[in-house]
Amino acid sequence: MDILTLAIETSCDETSVAIMKNGREIMSNIISSQIETHRLFGGVVPEVASRLHLEMINKIIETAVKEAKIKLSDIDHIAVTCGPGLIGALIVGVSAAKALSLSLDIPLNGVNHMQGHVCANYIAHPDLKPPFVGLIVSGGHTYLIEVLNYNEYIIRGQTRDDAAGESYDKVARTLGLSYPGGPEIDKLSKLGNPESIDFPRIMLEPGSYDFSFSGLKTAVLNYINQKRQKNEEIVIEDVAASFQQAVIDVLVVKSFRLLNELKYKTLVLSGGVAANSSLREALKKRADEEGVTLYFPPVSLCTDNAAMIGCAGYYDFIAGKRSELDLKVFPNLKL
Ligand code: KG4
Ligand code: ZN
């Protein structure tokens, strides 16, 4: 018998509701982005995010059910992001999920948003199964993990300060680009020379799989400020391309060092920064050289969406996990 999941994602600036069949098949995946509003402020304003989620959530639930051509009573369980994310934004999604779980009398699964990002790949690649090495690069987190099973991970490395996406957004803001900065830098970099400025590749201690992008971000900001003070021309395409190359070099080196150490031949990329065309190309090139199979989701499933949360919730559900109606939100939830 098919299992239908209604999934809700409201951890940041997308209000999204999906209906998933057996975890991996999208029946509907509605995403209402708040980006245009936050762009006016140069970044996500948490209070505005919560209010917009609240305005949209019921409408998006209705649309997702309608588009999937089902009735609410057909749904078997509810999955919802309970962290990490913005506290007020998470509360809107979790409250809606609890209301549905209670009124339909069906189980509830609180989902870790970062686990959701990995699961975007199960939706995009029906043949993919654990174990593999996962590289998750999002706006708030960077993780290198060993995925042992659908809901079993070993964290091998994580960011000690800024996440990869966060450094993209901060550098873009200083360059005067609009929010979110990642896609803007991705585009501009194609017009610049990635070798023109030698920004640092921060590797940390030998053997470490952790990341640190704040030193790189500071180096780029210092470069821009010094040029401005001296009234020298800044070729923003070159800055963007050189910054991006420094991020990519670190991600590629650490991912493949871990693959070799653990003797894995599958690398799975996910998170908002996984949409980056140069990162995908660099990982693909190295994967081909080393006989590694690389998976990444289509751009639409890299950034935040409820389908990936439904997939993660499904695997928790079939493993027998359940959340109670007193489920809390966890803004700093770890994997
Ligand atoms: O995973 P995500 O949607 O949200 C979080 O869970 O944090 O990631 C958003 C991040 C932002 O920092 C955004 O700038 C970055 O993903 N991003 C990109 C690209 N598209 C989105 N970064 C680099 N290149 C892109 N094409
Ligand atoms: Zn995300």
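A nitrogen atom of ligand 1 lies 2.9 Å from an N or O atom in the side chain of Asn 276, a polar contact in the sense of a pair of N or O atoms within 3.5 Å (within protein, one must be able to donate a hydrogen and the other to accept it, and residues adjacent in sequence count only if both atoms are side-chain atoms). The model is a predicted one, in which local features need pLDDT of at least 70 and side-chain atom pairs count only at pLDDT 80 or more, while totals for chains, interfaces and linings use all residues. Residues are numbered from 1 along each chain as its sequence is written, chains are lettered from A and ligands numbered from 1 in the order in which they are written, and side-chain values use heavy atoms, with hydrogens and water left out.

Oxygen atoms of ligand 1 also take part in polar contacts: one is 3.1 Å from a polar side-chain atom of His 113, and a backbone N or O atom of Gly 272 lies 3.0 Å from an oxygen atom of the ligand. Altogether, 19 residues surround ligand 1, each with a heavy atom within 4 Å of it. His 117, Gly 139, Asp 169, Asp 186 and Asn 276 are the closest.

Turning to the fold, an open sheet of mixed pairing is built from five strands in the order E3-E2-E1-E4-E5. Strands (E, at least two residues) and helices (H or I, at least four) are DSSP runs numbered from the N terminus, and two strands pair if DSSP finds at least two bridges between them. Strand E3 (25-33) and strand E5 (108-112) each have a single partner strand, so one side of each is left without a neighbour in the sheet. Strand E2 (residues 14-21) runs antiparallel to E3, joined by eight bridges, and Thr 15 stands opposite Ser 32 in E3.

Elsewhere, helix H5 (residues 164-174) packs with helix H8 (residues 236-262) at about 170°, their axes 11 Å apart; axes are lines fitted to C-alpha atoms, for helices over the stretch in contact, and angles run from 0 to 180 degrees between N-to-C directions. H5 and H8 are therefore roughly antiparallel, the term for angles over 145 degrees. Ala 164, Ser 167, Tyr 168 and Val 171 of H5 meet Phe 243, Gln 244 and Val 247 of H8, where contact means heavy atoms within 4.5 Å.

Finally, Thr 266 is found in strand E9 (residues 266-270). Leaving aside neighbours within four places in sequence, the contacts of Thr 266 include Leu 128, Phe 132 and Tyr 295.

Note on methods. Parallel < 35°, antiparallel > 145°, perpendicular 65-115°, else oblique.
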